[in-house]
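Please look at the sequence and the structure first.

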Amino acid sequence: MSTQTLEKIETTAPTSTAATAKKTTAKPVKEQKDSKLRTGWRRLAPKKETGRFSVVVWAGFFRAIVLLADYLLAFITAVVVIPLLGAWLHQQSGASRGALSADGTIAMWLMPLLFLVALLAAGEIVVMRGMWRWATRMIAKIRDARGEATGADVTPKSTIRTTNQSKTNRKRSK
């Protein structure tokens, strides 16, 4: 027999009965096709190779993207959307024709504008928090792909005292 034949025989033969038991009891895993977006993100995520960007760089990148998007969202809302809403409400309420008194202007123009601005602010906060959480998930995926430990994996030191420490540190009252 040649050495190649011996290697084939050695690799195909099970080494123990436990290995064959594991093979027979294991359920077949269904292969799930990943979406194009998911495979694209996997290509972007750094592997365990050295020379790639560190997790800190990726975290800074995702946080900067989110902060830039938050800034643009708030700026466009403040400079474009709110003035357009104010002008539209001013025109629709009749305040532009001078038909409303001061009380009517407050009731028909200012209060609806403040309500819409509050709704916009609440919606923007929800969107901003969603983007921040998205960035946090992406950073966690990159950290997991690189195999780095997270802060949750580290167990804190035990705070249990021995009986001698408890007795000596206890305050005595007279």
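Lys141 is exposed, because its relative accessible area is 54% and exposed means over 50%. The model described here is predicted. The points below start with the surface and then turn to two buried residues, Thr77 and Ser93.

**Charged surface patch**
- Lys141 belongs to helix α5, which covers residues 102–146.
- On the surface, Lys141 gathers with Arg129, Arg133 and Arg137 in a patch of positive charge.

**Nonpolar surface patch**
- A nonpolar patch on the surface is formed by Leu68, Tyr71, Leu72, Phe75, Ile76, Val79, Val80 and Leu84.
- Together these residues have about 770 Å² of accessible area.
- Leu68, one of the residues of this patch, is found in helix α4, residues 55–93.

**Thr77**
- Thr77 also has its place in helix α4.
- Its relative accessibility is 9%, so Thr77 counts as buried, the limit being under 20%.
- Apart from neighbours within four places in sequence, Thr77 is in contact with Ile82, Pro83, Leu120 and Glu124.

**Ser93**
- Ser93 lies in helix α4.
- With a relative accessible area of 13%, Ser93 is buried.
- If residues up to four places away in sequence are not counted, Ser93 touches Leu100, Met108 and Trp109.
- Ser93 and Pro112 are 19 residues apart along the chain, and their C-alpha atoms are separated by 9.9 Å.

Conventions:
Residues numbered from 1 in each chain as written. Predicted model: local features only at pLDDT ≥ 70, side-chain atom pairs only at ≥ 80, totals over all residues. Heavy atoms only, no water. Patch = residues over 30% accessible without salt bridge, like charges linked within 9 Å, V, L, I, M, F, W, Y side chains within 5 Å. Areas by Shrake-Rupley, 256 points an atom, 1.4 Å probe, with all protein chains shown as cover. Salt bridge = Lys/Arg side-chain N within 4 Å of Asp/Glu carboxyl O. Lys, Arg positive; Asp, Glu negative; His and termini not counted. Charge placed at Lys NZ, Arg CZ, Asp CG, Glu CD. Helix = DSSP H or I, 4+ residues; strand = E, 2+ residues; numbered from the N terminus. Buried < 20%, exposed > 50% of the residue type's maximum accessible area, 1.4 Å probe, protein only. Contact = heavy atoms within 4.5 Å.
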